[in-house]
Amino acid sequence: MANKCCSNKNHTFLKNARKILTETQINAIANSNKKIKWTSNDISRAVVLRALNRKSYDYWREKIKLPLPSPSTLKRWCSQLQCYPGVLENVLKLMSKNSVNMSPLEKTCILSFDEIRIDNNISNHNGLDQALGPHSKVQVVLAQGILSPWKQPIFYDFDKTMDTELLSEIICKLEKSGMLVSAIVSDLGGCSTLWKELEISCEKTFFIHPCDANRKVWVFADMPHYIKLLRNHFLDSGLLLNDGTVLNSNLLIDLLKIGCGEVRLCYQLKPQLLFVTGNARQKVGPAKAVFSRTVSKAILKLLKLRKQPIFLS
């Protein structure tokens, strides 16, 4: 009877332990003197833990004696990963293994991509044994879960413009790894040619999935671009609300006039934010400042004051 009770306890312990530890870690605890042979799953989990907090990782490994790969093992494993320009095939292989235990909702993802400006210098790549550069920009593609909190870079290349052929290649390779691509998001300014190739418009905001003709891939512009366009329209033409209220730059000019004294209704509002032209309109910061919470509250306050006589200096 006692043996049966112990057996049930051991079974329960192992069942609960598998929710936290890997099989390799459980075996290492049971056989403390045996040499540990870490799997790729063990090491990938350990890399994530050490990236979150190095001191905590060392504490759990050295003080608590939780079986974890040594830092040298992690470095040796990471040095074998090839991250050459183009589609990151090794990353897709790891994603393929992880996708086995994911539900269709967890696999559903969106691709975001943009061109990033880099230093125009020449550098040596030890893996390729060649010099890279000079390059002015790099195209980076990031896959991110829509209903699950994961994200992963899957492509990069220098001086590369995104087009329909490259986009279809990336989507199909990501689908082969087990993920489900449902949408893309990009900077409308840098990808205007791509949108024309995909025939994206106000009436058609999707294109046919390159791997499945029965599915659609929805297209979005990134939020910073939306904010800049909204700011430009607000300053140039104004916004008409459903109740007939007109919001335009005159409101902000009135706020500046009220704020000329010692007491300011909106201290964050600066004159240069209202007269943005040329390349300055490409900056996100000034657009965010115009639509900040402080400015919004000041506009509401001004609209209430307009119901009463106000005297502008």
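The legends below describe close-up views of a predicted model.

**Figure 1. Domain layout of the chain.** The domain assignment divides the chain into domain 1 (13-79), domain 2 (86-221) and domain 3 (225-307). Between the C-alpha centres of domain 1 and domain 3 the separation is 54 Å.

**Figure 2. The largest nonpolar core.** This core holds 34 residues, and those with the most contacts inside it are Leu-111, Ile-154, Leu-167, Ile-170, Leu-174 and Ile-184. Two or more residues each come from helix H6 (89-98), strand S2 (108-117), strand S5 (137-145), strand S6 (151-158), helix H8 (164-176), strand S7 (180-186), helix H9 (192-197) and strand S9 (216-221). Helix H8 gives the most, with five residues. In soluble globular proteins, nonpolar side chains tend to be buried together.

**Figure 3. Surroundings of Ile-170, and a separate core.** Ile-170 is among the residues with the most contacts inside the largest nonpolar core. With its neighbours within four places in sequence left aside, Ile-170 is in contact with Val-87, Leu-111, Val-141, Ile-154, Phe-155 and Met-162. Another core lies apart from the largest one and has 17 residues, including Leu-269, Leu-273, Leu-274 and Leu-302.

**Figure 4. Packing of helix H3 against helix H4.** The axes of H3 (residues 40-52) and H4 (residues 54-62) come within 5 Å of each other and cross at roughly 125°. H3 is therefore oblique to H4, since an angle counts as roughly perpendicular from 65 to 115 degrees and as roughly antiparallel over 145. On the H3 side the contact involves Ala-46, Leu-49, Arg-50 and Leu-52, which meet Arg-54, Tyr-57 and Asp-58 of H4. By class, these residues divide into four nonpolar, no polar and three charged.

**Figure 5. Packing of helix H3 against helix H5.** Here the axes of H3 and H5 (residues 71-79) come within 10 Å and cross at roughly 110°. The two helices are therefore roughly perpendicular to each other. H3 contributes Ser-40, Ile-43, Ser-44, Ala-46, Val-47 and Arg-50, while H5 contributes Pro-71, Thr-73, Leu-74, Trp-77 and Cys-78. The contact has seven nonpolar, three polar and one charged residues. Ala-46 and Arg-50 of H3 meet residues of H5, and Ala-46 and Arg-50 also take part where H3 meets H4.

**Figure 6. Packing of helix H11 against helix H13.** The axes of H11 (residues 249-258) and H13 (residues 293-305) come within 10 Å and cross at roughly 85°. This angle makes H11 roughly perpendicular to H13. From H11, the residues in the contact are Leu-251, Leu-252, Asp-254, Leu-255 and Ile-258, and from H13 they are Val-295, Ala-298, Ile-299, Leu-302 and Leu-303. Nine of the residues in this contact are nonpolar, none is polar and one is charged.

**Figure 7. The loop between helices H2 and H3.** Ile-36 is placed in the loop between H2 (23-30) and H3. Its relative accessibility is 31%, so Ile-36 counts as partly exposed. Not counting residues up to four places away in sequence, Ile-36 touches Thr-24 and Ala-28. Ile-36 and Pro-67 are 31 residues apart in sequence, with 8.9 Å between their C-alpha atoms. Lys-34 is found in the loop between H2 and H3 as well. At 60% relative accessibility, Lys-34 counts as exposed.

**Figure 8. Two loop residues with positive phi.** Most residues other than glycine have a negative phi. Lys-65 is not a glycine, yet has a positive phi of about 65°. Lys-65 sits in the loop between H4 and H5 and counts as exposed, with a relative accessibility of 63%. Asp-159, also not a glycine, has a positive phi of about 50°. The loop that holds Asp-159 runs between S6 and H8. Asp-159 counts as partly exposed, at 37% relative accessibility.

How values were computed. Residues numbered from 1 in each chain as written. Predicted model: local features only at pLDDT ≥ 70, side-chain atom pairs only at ≥ 80, totals over all residues. Heavy atoms only, no water. Core = buried A, V, L, I, M, F, W, Y, C linked by side-chain atoms within 4.5 Å. Buried < 20%, exposed > 50% of the residue type's maximum accessible area, 1.4 Å probe, protein only. Helix = DSSP H or I, 4+ residues; strand = E, 2+ residues; numbered from the N terminus. Contact = heavy atoms within 4.5 Å. Domains from an automatic or database assignment. Axes fitted to C-alpha atoms, helices over the stretch in contact; angles between N-to-C directions. Parallel < 35°, antiparallel > 145°, perpendicular 65-115°, else oblique. Nonpolar A, V, L, I, M, F, W, Y, C, P; charged D, E, K, R; others polar.
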